[in-house]
Amino acid sequence: MRAIVIDEAGGPDVLQLRELPSPRPGPGEILVDVRVAGVNFFDTWIRRERVAEVPGAEGVGVVAEIGDGVHEFAPGDRVGWLTPTTHSSYAEQVVLPAGLAVALPDAVDDETAGALLLQGLTAHHFTTVSHPVQPGDVTLVHAAAGGVGLMLTQLVKARGGTVIGLVSRPEKVEVATEAGADHVLISTGDAFVGPVRELTGGAGVHAVFDGAGATTFAASLDVLRTHGTLVFYGPLIGEVPRIAMNEIPRSTRITYGVTEDHIRTPEELRAHAGELFALVEKGELTVRIGGRYPLAEAARAHADIESRATTGKLLLFP
């Protein structure tokens, strides 16, 4: 089978297509023929640090073979999966523990599932646990036209909240608006502070979802109202911010949400994914595909996502 291999850390050009031995499933594992692999900004950090030989933390495919002790899946089943620590999805075939996979309903096609799982579960975690959005909550979503930002916007709206979306370019305003953002601001750095305070009558927002890194951390804190929540998920994009406990203003809360904490068991994975699938089936959650690439062009996908010019989800097709 063919796979994208990282031999050394570096830029997109280190992603090389190679022939590798076809894997075989062991006890408790399934072998899947990959149909779609999701591309995430996190994958570029994996590449720069070379922490995986074959990158890719999520995908969709068809079960080809099951190992001993696997009872929940059979050959021919369509499944999606998350492998945030072992990676390996940029390939024609992947072996993974059955507990990391979820059966896909017929109503959810391969591309939708491939674009939904990791970013959808991340946004689900942020809006149900990190800051359980309540009707009437006003939220600020950074990178509102990106994959996670589009999911956050829709899930906040589904829970009755208001979304102020931040985008970096004028052409992204329409994308964020179509996802349901009530207000969209074009902003870089900390330029959003004044407009957000004006939109909230000076009170600030109930929650900020910030994946932009240290460059916006202080400004995100600045626009929170008393007892508001900063849901931060941006250290892979820039430097990790530093703050002393006594520097946190207005009794606000800061949380760094990790998706693996949201899906600690197969039951949690399948329950939370099921909620997302149900929203898709009801038409309350849609995915935007920002780019489709053959597996051999994984380097181009990485260059595109790092350019910050893309919107929505990028997908690889083996």
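Author: Let's start with Glu92, which is partly exposed at a relative accessible area of 25%. Here buried means under 20% relative accessible area, exposed means over 50%, and partly exposed is in between (1.4 Å probe, protein chains only). One thing to keep in mind is that this is a predicted model, where local features need pLDDT of at least 70 and side-chain atom pairs count only at pLDDT 80 or more, while totals for chains, interfaces and linings use all residues. Residues are numbered from 1 along each chain as its sequence is written, and side-chain values use heavy atoms, with hydrogens and water left out.

Now for the partner. Glu92 makes a salt bridge with Arg2, and their closest N and O atoms are 2.9 Å apart. The two sit in distant parts of the chain, 90 residues apart: Arg2 is in strand E1 (residues 2-6), and Glu92 is in the loop between strand E5 (78-82) and strand E6 (93-97). To count as a salt bridge, a side-chain nitrogen of Lys or Arg has to be within 4 Å of a carboxyl oxygen of Asp or Glu. The helix and strand names are DSSP runs numbered from the N terminus (H or I for helices, at least four residues; E for strands, at least two). Arg2 is partly exposed too, with a relative accessible area of 28%.

In total, the structure holds 14 salt bridges. Another of them joins Glu65 and Arg24, with the closest N and O atoms 2.6 Å apart. Glu65 belongs to strand E4 (residues 58-66) and Arg24 to the loop between strand E2 (15-19) and strand E3 (29-39), so this pair ties together parts that are 41 residues apart in sequence. Glu65 is partly exposed at 25% relative accessibility, whereas Arg24, at 59%, counts as exposed.

Next come Lys157 and Asp182, whose side chains meet in a salt bridge at 2.9 Å, N to O. Lys157 is in helix H3 (residues 147-158) and Asp182 is in the loop between helix H4 (173-178) and strand E10 (183-186), so parts 25 residues apart in sequence are tied together. Lys157 is partly exposed, with a relative accessible area of 31%, and Asp182 is partly exposed as well, at 37%. There is also a network: salt bridges that share partners join Arg35, Arg78 and Asp110.

Now a look at what surrounds some of these elements. In helix H1 (residues 41-49), Asp43, Thr44, Ile46 and Arg47 are buried. Those residues are on the same side of H1 because they cover an arc of only 155° around the axis, taking directions from the helix axis to the C-beta atoms. The cover over the buried residues of H1 includes E1, E2, E3 and helix H9 (298-306), with contact meaning heavy atoms within 4.5 Å. Just after H1, Arg50 has a positive phi of about 45°.
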